[in-house]
Every structure is written in structure tokens, then in C-alpha cells.
Amino acid sequence: MPRSVHTHLTRLRHYFRLALTGWTVVLAGLLVWSLTVAHNTTFELARKEAFANFNKDQAFRFWAAGHGGVYVPVTAQTPRNPRLSHIPERDITTPSGRELTLMNPAYMVRQLNEEYADLFGVRGHITSEKLMRPENAPDPWERKALAAFGRGEKEMMEVAEIEGQPFLRFMRPMFIKQGCLKCHAFQGYKSGELRGGVSVAVPLAPYLEQERRFVATTVFSYLAVWGLGLYGIRFGWQRLRRDHEEIERAGAEIQALNRGLERRVKERTAELDAANQELEAFAYSVSHDLRAPLRSISGFSTAVLEDYADRLDDNGRDYLERIDRNTAKLGVLIDDILSLSRLTRGEMHFQPVDLSATVTEILSALAAEAPEREVETRISPGVVAHGDPRLLRVILDNLLRNAWKFTSRASRPRIEFSVERRGDQPVYSVRDNGAGFDMSYADNLFAPFKRMHSAEEFPGSGIGLATVQRAVRRHGGRVWAESVPGEGAVFHFTLAEAPGPVQGAGEFVSAEPEQGDM
Amino acid sequence: MNDKNILLVEDNDDDVQLTRRALEKAHIGNPLIVVRDGAAALEYLFDDNLPHPCLTLLDINLPKLDGHEVLKRLRADARTKLLPVVMLTTSDEESDRLRSYSLGCNSYVRKPVEFARFVEAVKQLGLYWIILNRPPPGGGAADG
């Protein structure tokens with residue numbers, strides 16, 4: 001048992017390692033996915049801002065270009081644009097005498113971006129390879145983008161650094177429209193031609209800062225969840241391991257108990273064997289040592305009776321005869337006790353036994369012993385039981401001998417042997433019409449040396465039915481009796497036998513035992 | 001050889017006396033030689049100067065060597081291999097009977113308690129083994 005628990009534990013440990021690995025891999029995957037999504041979102045937001053600003057600049061520019069530029073009062077910040085000097089109405093005077101000058105879209109957007117860039121936070125820039133103002137010259141990234149537009153690219157987007165700070169840079173090409181030619185026709189442009197590019201640069205620092213905070217929070221949360229999971233798995237593992245250790249301990253205890261039990265059974269068996277051997281030795285010594293002196297008593301009392309008869313009176317002879325009779329009786333008693341004790345010893349050999357034949361044999365023998373008696377016998381034919389032949393013969397011999405004895409005074413003695421099925425068990429019966437006995441003493445019927453009748457009435461040692469009971473019990477069966485004094489007795493017994501049909505049940509055939517000389 | 005001795009191997013003096021009496025009652029006049037233990041029995045039977053008895057009555061419970069051991073050694077020796085041996089004992093144990101016959105006894109008789117029946121048994125034994133039974137040639141020696 002501990003070996004299987006060990007194997008189980010090893011397998012469980014393996015599962016828990018797998019669970020730990022799986023948990024870690026799943027969480028790591030989720031974290032990577034989460035961070036990727038966050039990163040993409042950051043750039044999506046920055047891109048949207050870039051688009052918004054770009055479209056706003058475009059809107060300003062298109063509005064201004066649509067109106068052919070706007071007139072604004074001339075100030076120090078907004079001087080007359082020398083590059084528009086070729087336009088006839090660059091400077092006008094209102095009827096009230098205020099001086100106004102024309103502001104073209106590029107100029108307007110540039111000024112918006114230069115003076116209010118802090119408000120937008122996003123740097124917009126219009127640039128071109130053909131410059132009207134040198135300060136509008138493209139930076140290296142814009143130059144690269146303009147070259148790309150020349151090759152037909154529709155837009156450029158990239159993260160690049162400006163003055164050491166990360167920016168999302170976006171740029172689209174700018175094509176000449178009809179409204180543009182008012183100012184730019186002198187440069188030789190035609191409508192639809194690539195004029196330059198409009199770029200926006202969205203500072204990424206705030207987005208990256210937000211992303212950094214998100215990353216920090218997320219990583220921390222994931223670490224916490226991961227740790228919690230690890231703790232849970234570890235906790236579960238420890239619980240299971242403790243349970244298993246307990247099972248193992250219990251198993252070991254059971255084994256120890258079993259070993260103890262086995263040892264005790266062995267000890268008891270040895271004790272029992274020793275006791276049985278002692279009993280055997282005792283029975284043997286009873287057989288030998290009790291009979292030998294008895295023989296001497298009988299022998300020498302007979303010798304006195306024979307050799308000194310002339311010196312004894314009738315009383316003396318009577319006493320010696322009584323001694324002899326009693327030694328004979330004691331001899332029979334010793335033999336009966338021995339045969340009773342022998343019943344509890346010795347192996348049983350189960351086999352089918354023809355009880356009808358056995359009964360017939362025994363009754364024939366009884367008839368031969370007392371040829372003067374006439375007893376009617378009825379024996380159910382073909383009754384076969386499963387049991388030990390020797391013990392079954394002992395049972396039937398004692399019951400039939402009893403029946404024979406107690407019918408000795410009946411006017412028409414009759415002895416029957418039959419079987420009937422009660423429930424699923426055959427019940428064997430020996431019935432006689434003899435003296436019977438008083439049922440109120442039936443408790444003592446099977447006790448050794450307890451007798452129902454005086455020795456003068458019917459002789460016997462009182463061991464016969466005790467022997468029957470022992471033999472029946474060794475078969476796992478039961479024996480009981482019914483009787484009415486003066487009308488006879490019936491003895492029933494069962495045997496725990498292999499189930500099978502009982503043959504010859506309920507029928508009788510008359511079979512007078514042979515009355516012959518044997 | 002001419003006497004047709006009976007050898008009784010018996011340690012109980014009462015039994016010796018009763019056996020002697022029973023032989024007398026049965027009118028068996030053959031000389032009765034009595035030895036009191038197993039070793040003495042073997043000493044007697046293995047003595048080449050002494051005639052073999054026509055019948056040996058052997059008890060089982062004996063001092064020194066028990067009846068079974070005596071029987072075993074008798075059967076193992078060519079001189080006494082075929083010697084008629086009757087177990088005359090108190091025991092009626094199956095194990096004793098089985099062992100006696102296994103070791104090669106010729107008969108097994110249980111001593112009855114009642115003296116009258118004992119006399120009857122001794123009488124029949126004497127009649128059978130001394131008068132009716134024909135001993136092996138050579139008085140029990142296997143090589144004849």
C-alpha cells in the first residue's frame with residue numbers, strides 16, 4: 001500500500017509541476033497580449049491626434065485658400081509678405097483709412113503653428129523642396145518623406161525623435177489647387193501638381209508616460225495574480241501531500257496491525273495445536289492408563305471368585321461379581337468417552353453417502369445381535385447425503401440403536417428412516433414407537449451422561465445422543481427430538497450439505513432386516 | 001525349536017500374571033517366556049543361541065524401546081523378519097493400529113477389560129497361532 005501511495009504522490013507532484021508551469025505560461029501570455037494591446041492603443045490614440053491636427057491644419061489652409069487668403073491689419077508680428085509683392089492687391093486701405101495686407105494660407109498656418117503651438121501641443125509644419133521662405137526648409141525626416149511622395153507614396157507615419165524627444169510624425173503630400181495659383185502660379189506650378197507636404201508631429205511623451213503607468217500597473221497586477229495562483233497551487237499541493245502522508249501513515253498502521261494480527265493468529269494457532277496435542281495425549285493416556293488397572297481389578301476379582309470360591313460365602317461372591325460387573329461398565333464408559341472425544345478430532349472427508357443403505361446395514365446388524373426380536377422397519381430408499389461416511393454412520397448407528405433399545409418393550413415395534421424437505425433443507429428422521437420420553441426433560445437429551453431412563457429399565461452410558469449431536473454439529477447441522485411418553489420418539493437431523501435433489505423423499509418400503517446367524 | 005515357546009513382552013506385572021492365568025484357563029501349556037521391556041525383547045530375539053518363539057505377544061507401551069520400535073527392528077533384521085508378532089495392547093487408537101500394521105505386525109488384539117473376555121481372547125490367540133497357524137520355515141528367519 002505505501003508503494004502505491006508513493007507512486008500516486010509522485011504522479012500528483014508531476015501534475016502540480018505541470019499546473020505551475022501552465023499557470024505561469026498562461027499568465028505570461030496574457031500579460032504580453034495585454035501590453036501589446038496597450039502599446040497599439042497608445043499609437044492608435046497618437047495617430048488619431050495626428051490625423052485630427054493634420055485635418056485641422058488642412059481645414060485652416062483650405063478655408064484660407066478658398067477665400068483667396070484673408071486681409072489682416074499690418075502689425076509688427078504680421079508685416080507685409082514680401083513674397084506676395086507680385087499680387088496686385090496685396091495691400092489695401094479701408095474707406096476709414098486702415099491699412100490691410102493679404103495673408104496667404106501658408107503664411108496663416110505657419111503663424112498659427114509658430115505662435116499657438118503651445119496651445120495645440122502638436123507641431124504642424126508646411127514644407128516643400130521649392131521654398132518661398134528658407135525657415136520653412138524640411139528637416140531630414142520631412143525630406144525623406146517628400147522624396148517618398150515624389151515616388152507616389154500617399155502618406156508617411158513614423159516614430160522619430162525631435163530634439164531628443166519621441167514624436168509620432170505624420171505627413172501627407174500637398175497638391176496645387178486652383179486657389180493656390182493666385183500666389184504660386186509664378187513658380188510655374190499647375191493645378192494638381194505636388195507642391196510639398198504638410199506634417200504634424202505628436203509628442204509621444206504623455207502617451208508613453210500613460211502607457212508606462214499602465215504597463216507598471218498591469219505588470220504589478222499580473223504579478224500579484226500570478227503569485228496568488230502559485231500560492232493557491234502550492235497550498236493545494238501541500239494539503240494533498242498531507243492527506244496522502246496521512247493515508248500512508250494509516251496504511252502503515254493497518255499493515256502493522258495486520259502483522260500483529262497475523263502474529264497473534266499464529267500464536268493462537270500454535271497454542272491451539274499444543275492444546276489439541278495435549279488433548280490427544282490425554283485421550284491416549286486415558287485409553288491406556290485407565291483401562292489397565294480396570295483389567296487388573298476384573299482379572300483378580302475373577303481369580304478370587306474362581307480360586308477361593310470355597311472360602312467365600314454368598315455375600316462375598318456377590319460382592320466380587322458386583323466388582324466385575326462395574327469394571328465392565330467402567331470399561332464401556334471409558335470407550336464411549338474415547339469415541340466421543342475422537343469425534344472432535346480427525347479430519348472429515350465429505351462425499352455422497354447412501355444413508356438408506358447404511359440404515360439397512362445397521363438394522364441388519366442389530367437384528368443379528370438379537371435374532372429373537374421382531375421389528376418392523378421402514379426405510380426410505382435411495383436417500384443420499386453429502387457428508388463424512390464415518391460420522392454419518394456414527395449418527396445413524398446411535399439413533400437406530402436407541403430406537404432398537406427403546407422399542408424392546410413395544411408390542412409391535414416399528415422403526416422408520418425417512419427424509420423430507422423443509423424449506424431448502426432436507427431433514428432426516430429416525431422414528432420409533434417405543435418408550436418415548438417426557439418432553440419437559442428434552443433439554444438434557446443431548447448432554448453427555450444425562451439419561452431419561454434408569455439403567456434397570458434401559459441400559460446405557462448416556463453418551464450416545466451426545467455423540468450424535470457432536471457428529472451432526474461437525475457437519476454444520478442440527479439435531480432435535482419429539483416424543484410422547486409411551487407412544488414413541490422421533491429424532492430429526494439436518495446436515496449443511498451441498499444443495500441438490502433429495503432422492504426417495506416421502507416413500508417407504510418395508511424391509512425386514514435379515515434375521516440370520518452371523 | 002522343539003518347545004513352541006510363547007514370548008510375552010509386557011512390563012505390567014498384573015498383566016503378566018493375568019496372561020499367565022488366562023493361558024492356564026485356556027489350557028495352553030506352552031512355555032511362557034516373559035521379558036519386561038523392548039530392549040530385553042530384542043536381546044532375547046536376536047540371541048542366536050535361543051530358539052525363536054512360535055508366537056510373540058508384544059505390548060506397545062513399554063520401557064526403553066516401545067512396541068513399535070521393537071517391531072520395526074525385528075522386521076529390519078533378516079533373522080526375525082518373518083517372526084509371527086501379535087500386538088496385545090490396551091490401545092484402540094487408530095494411529096497405533098495403523099502404525100502397527102504398517103510396521104508389519106501379524107495381528108492386533110486389544111485386551112478386553114473383563115477377565116472372562118480376556119481369557120476368551122487369549123484362548124483364541126493360542127488356538128490359532130500355536131495349533132492352527134503354520135509358522136514360516138526357519139522360525140521367522142527370512143532366508144529360511
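## Around Ser483(A)

Leaving aside neighbours within four places in sequence, Ser483(A) is in contact (heavy atoms within 4.5 Å) with Gly436(A), Phe437(A), Met439(A), Gly488(A) and Ala489(A). This is a predicted model, in which local features need pLDDT of at least 70 and side-chain atom pairs count only at pLDDT 80 or more, while totals for chains, interfaces and linings use all residues. Residues are numbered from 1 along each chain as its sequence is written, chains are lettered from A and ligands numbered from 1 in the order in which they are written, and side-chain values use heavy atoms, with hydrogens and water left out.

Where does Ser483(A) sit? You will find Ser483(A) in strand 13 (residues 479–484) of chain A; helices (H or I, at least four residues) and strands (E, at least two) are DSSP runs, numbered from the N terminus. Ser483(A) is buried, with a relative accessible area of 11%. Here buried means under 20% relative accessible area, exposed means over 50%, and partly exposed lies in between (1.4 Å probe, protein chains only). A polar atom of the Ser483(A) side chain lies 2.8 Å from the backbone nitrogen of Phe437(A), and the side chain also reaches the backbone oxygen of Gly488(A) at 2.9 Å.

## A helix and a loop in chain A

Now look at helix 9 (residues 464–474) of chain A: 8 of its 11 residues are buried, so this helix is largely enclosed by the rest of the structure. Among the buried ones are Leu465(A), Val468(A) and Val472(A). Just after helix 9, Gly476(A) takes a positive phi of about 75°.

Pro381(A) belongs to the loop between strand 9 (376–379) and strand 10 (384–387) of chain A. Pro381(A) is partly exposed, with a relative accessible area of 30%. Pro381(A) and Ser356(A) are 25 residues apart in sequence, and their C-alpha atoms are 5.6 Å apart in space.

## Chain B

Chain B has 5 helices and 5 strands, running β-α-β-α-β-α-β-α-β-α from the N terminus on. Of its 144 residues, 53% are buried. Among contacts in chain B between residues at least 6 apart in sequence, 67% join residues at least 24 apart.

A search of the whole structure finds 0 disulfides (pairs of cysteine sulfur atoms within 2.5 Å) over all chains.

## Where the chains meet

The size of an interface is often given as the accessible area lost when the parts come together. Between chain B and chain A, the buried area (accessible area lost on being put together, 1.4 Å probe, summed over both parts) is about 2,000 Å², with carbon and sulfur atoms giving 48%. In chain B, Thr90(B), Glu93(B) and Val113(B) lose the most area to chain A, together 31% of what that side buries. In this interface, 22 residues of chain B are in contact with 24 residues of chain A.

How many salt bridges join chain B and chain A? The count is 5, where a salt bridge is a side-chain nitrogen of Lys or Arg within 4 Å of a carboxyl oxygen of Asp or Glu. One of these pairs Asp307(A) with Arg21(B) (2.6 Å, N to O). Helix 1 (13–25) and helix 4 (94–103) of chain B each supply at least two residues of the side that touches chain A, and helix 1 gives the largest share, 6 residues.

Key. Buried area is the accessible area (1.4 Å probe) that two parts lose on being put together, summed over both. A polar contact is a pair of N or O atoms within 3.5 Å; within protein, one must be able to donate a hydrogen and the other to accept it, and residues adjacent in sequence count only if both atoms are side-chain atoms.
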